[in-house]
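Here's a quick briefing to read alongside the model. Have the sequence and the 3D view open as you go.

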Amino acid sequence: YIKFQKAGYAASLLYIASLACAKASTLTLLLGLTPRAGHRKPIMAVGGAIVLWANSALIASGFQCHLPHPWAYETGKCFSQVSNTCHSRPRALVLVF
């Protein structure tokens, strides 16, 4: 059961990292396609927001349970994962658009 918890812990961190990379890839494409310099500042601002979101989400997900076993969900000393999932995914979708 411990291996399952560790795998879920790693998967949640990698999920956040993959979302951030996908968003950064989209912004890089937009930077390459836009002919106007006026479009670059908003794209860079959204890129900064993505970096802030990714860092805060990784920290929140990485330290959701007490150390030294942050993957141990069954201890009852973790913040609510359901509310985190329900609120972070719609925000992640909004950042893409």
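Which residues are buried in H2? Ile-43, Gly-47, Ile-50, Trp-53, Ala-54, Ala-57, Ser-61 and Gly-62 are the buried ones there. Keep in mind that this is a predicted model. The protein has 3 helices and 0 strands, so the elements run α-α-α from the N terminus on.

**Overall picture**

- Of the protein's 97 residues, 22% count as buried.
- The protein exposes about 6,800 Å², and carbon and sulfur atoms supply 71% of that area.
- Take the contacts between residues at least 6 apart in sequence: 60% of them join residues at least 24 apart.

**How H1 and H2 pack**

- As background, two packed helices are described by the angle between their axes and the distance between the axes.
- Here, the axes of H1 (residues 2-33) and H2 (residues 40-62) come within 10 Å and cross at roughly 175°.
- That angle is over the 145-degree cut-off, which means H1 is roughly antiparallel to H2.
- On the H1 side, the contact is made by Tyr-9, Ser-12, Leu-13, Ile-16, Leu-19, Ala-20, Lys-23, Leu-27, Leu-30 and Leu-31.
- On the H2 side, the contact residues include Arg-40, Ile-43, Met-44, Val-46, Gly-47, Ile-50, Trp-53 and Ala-54, and Ala-57, Leu-58, Ser-61 and Gly-62 also take part.
- Sorted by class, the contact has 16 nonpolar, 4 polar and 2 charged residues.

**A closer look at H2**

- The 23 residues of H2 should span 33 Å at 1.5 Å a residue; the end C-alpha atoms are 32 Å apart, so the two values agree.

- Lys-23 sits in helix H1, and it counts as buried because its relative accessibility is 5%, under the 20% cut-off.
- Lys-23 and Gly-47 are 24 residues apart in sequence, yet their C-alpha atoms are 8.1 Å apart in space.
- Tyr-15 is found in helix H1 too, but this residue is partly exposed, with a relative accessible area of 36%.
- Between Tyr-15 and Leu-58, the separation is 43 residues in sequence and 9.6 Å in space, C-alpha to C-alpha.

How values were computed. Residues are numbered from 1 along each chain as its sequence is written. This is a predicted model: local features need pLDDT of at least 70, side-chain atom pairs count only at pLDDT 80 or more; totals for chains, interfaces and linings use all residues. Side-chain values use heavy atoms; hydrogens and water are left out. Axes are lines fitted to C-alpha atoms, for helices over the stretch in contact, and angles run from 0 to 180 degrees between N-to-C directions. Helices (H or I, at least four residues) and strands (E, at least two) are DSSP runs, numbered from the N terminus. Angles under 35 degrees count as roughly parallel, over 145 as roughly antiparallel, 65 to 115 as roughly perpendicular and the rest as oblique. Contact means heavy atoms within 4.5 Å. Ala, Val, Leu, Ile, Met, Phe, Trp, Tyr, Cys and Pro count as nonpolar, Asp, Glu, Lys and Arg as charged, and the others, Gly among them, as polar. Buried means under 20% relative accessible area, exposed over 50%, partly exposed in between (1.4 Å probe, protein chains only). Accessible areas come from the Shrake-Rupley method with a 1.4 Å probe; for residues, only the protein chains shown count as cover. The expected span of a helix is 1.5 Å times one less than its number of residues.
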